[in-house]
Amino acid sequence: MTLFQKLSSVLISSGINEPVLYGGESGHSIFARALLDGLVNMKKEAFSALETFDSHLLPRIAGAVEQDPQFCLITGARHEADDFIFLRSED
């Protein structure tokens, strides 16, 4: 079984208990805008959720606004892989 066929459940959130901060363009929160930009701007054909979190979310949010983005495995979920893999589509 390849990595792309394995199950993974991860949580990416804008913070722990902080209010969601809006003002991120196109009616999105700052967190949602950073996530969407990260998904669009990743250069690879296949990339992990953690790569997106580390390269696009943390640099734009952590320390810049009063939110503490989180990335973790969902406890109790069945895991075969440690991360979620995004595959770029042709559309």
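Me: What are the ground rules here?
Reply: It's a predicted model, so local features need pLDDT of at least 70 and side-chain atom pairs count only at pLDDT 80 or more, while totals for chains, interfaces and linings use all residues. Numbering runs from 1 along each chain as its sequence is written, and side-chain values use heavy atoms, with hydrogens and water left out.

Me: What makes up the secondary structure of the protein chain?
Reply: There are 2 helices and 4 strands, in the order β-α-β-α-β-β along the sequence. Helices are DSSP runs of H or I with at least four residues, strands are E runs of at least two, and both are numbered from the N terminus. Helix α2 covers residues 49–61.

Me: Why is Phe53 called buried?
Reply: Buried means under 20% relative accessible area, exposed means over 50%, and partly exposed is in between (1.4 Å probe, protein chains only). Phe53 has 5%, so buried is the label. Ala49, Thr52, His56, Leu57 and Ile61 of α2 are buried too.

Me: And why does Phe71 count as partly exposed?
Reply: Phe71 comes out at 21% relative accessibility, so it falls in the in-between class.

Me: What makes the pair of Phe53 and Phe71 tilted?
Reply: Rings of Phe, Tyr and Trp (its six-membered ring) pair if their centres lie within 6.5 Å; planes under 30 degrees apart are stacked, over 60 edge-to-face, and the rest tilted. Here the centres are 5.6 Å apart and the planes sit at 45°, which gives tilted. Phe53 lies in helix α2 and Phe71 in strand β3, so the pair ties together parts 18 residues apart in sequence.

Me: Which residues make up the largest nonpolar core?
Reply: Phe31, Ala34, Phe53, Leu57 and Ile61, 5 residues in all. The largest share, 3 residues, comes from α2. To qualify, buried Ala, Val, Leu, Ile, Met, Phe, Trp, Tyr or Cys residues must be joined through side-chain atoms within 4.5 Å.

Me: What does Leu57 touch, beyond residues up to four places away in sequence?
Reply: Ile12, Phe31, Ala34, Leu35, Thr52 and Ala62. Contact means heavy atoms within 4.5 Å.
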